[in-house]
Amino acid sequence: FPVTITNLSHDQTTGKGIKYIGDVIIGDNVAIGANSVIFYGVIIGDNVCVPALTVIKPYTRLENNEQR
């Protein structure tokens with residue numbers, strides 16, 4: 001399925017870019033809904049479902065809260 005990765009963190013008035021650096025780690029068996037935005041530094045654990053149109057802020061950690 002198609003995935004779009006974009007970097008729109010630039011100032012269009014001066015043309016100077018601002019670089020945000022951080023890994024995005026996505027575990028196994030993860031579903032990410034359409035048009036979701038995942039910022040830098042995010043960790044998504046195994047067996048997590050991210051709903052469509054979700055914005056995940058920088059340096060967020062999502063874990064599966066499964067009950068056993």
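Which residue in S7 is the bridge partner of Ile44? The first close-up has the answer.

These views show a predicted model, so local features need pLDDT of at least 70 and side-chain atom pairs count only at pLDDT 80 or more, while totals for chains, interfaces and linings use all residues. Residues are numbered from 1 along each chain as its sequence is written, and side-chain values use heavy atoms, with hydrogens and water left out.

**View 1. Three strands side by side in an open sheet.**
The partner of Ile44 is Leu62, which sits in S7. Strand S4 (residues 43-44) and S7 run parallel and are joined by two bridges. (Two strands pair if DSSP finds at least two bridges between them.) The order in this open sheet is S1-S4-S7, with parallel pairing. Strand S1 (25-26) and strand S7 (61-62) are at the edges with a single partner strand each, so one side of each has no neighbour in the sheet. As background, strands of a sheet pair through backbone hydrogen bonds.

**View 2. Ser36 and the residues it touches.**
Look for Ser36 in the loop between S2 and strand S3 (37-38). Neighbours within four places in sequence aside, Ser36 is in contact with Val50, Pro51, Ala52, Leu53 and Thr54. (Contact means heavy atoms within 4.5 Å.) Ser36 and Leu53 are 17 residues apart along the chain, yet their C-alpha atoms are separated by 4.5 Å. The side chain of Ser36 has a polar atom 3.0 Å from the backbone oxygen of Pro51. A polar atom of that side chain also lies 3.4 Å from the backbone nitrogen of Thr54.

Most residues other than glycine have a negative phi. Asn35 counts as exposed because its relative accessible area is 63%. With 38% relative accessibility, Asn47 is partly exposed.

**View 3. Arg61 meets Glu63 in a salt bridge.**
The closest N and O atoms of this pair are 2.6 Å apart. (A salt bridge is a side-chain nitrogen of Lys or Arg within 4 Å of a carboxyl oxygen of Asp or Glu.) The count for the model comes to one salt bridge. Arg61 is exposed because its relative accessibility is 57%, whereas Glu63, at 47%, is partly exposed.

(Patches use residues with over 30% relative accessible area and no salt bridge, joining nonpolar side chains within 5 Å and like charges within 9 Å; areas come from the Shrake-Rupley method with a 1.4 Å probe.) Ile32 belongs to strand S2 (residues 31-32) and, at 37% relative accessibility, is partly exposed.

**View 4. Stepping back to the whole chain.**
How many helices and strands does the chain have? There are zero helices and seven strands. (Both are DSSP runs numbered from the N terminus: helices are H or I with at least four residues, strands E with at least two.) Of the 68 residues, 13% count as buried. The chain exposes about 5900 Å², and carbon and sulfur atoms supply 54% of that.

Technical notes:
Buried < 20%, exposed > 50% of the residue type's maximum accessible area, 1.4 Å probe, protein only. Polar contact = N/O pair within 3.5 Å; in protein donor to acceptor, adjacent residues only side chain to side chain.
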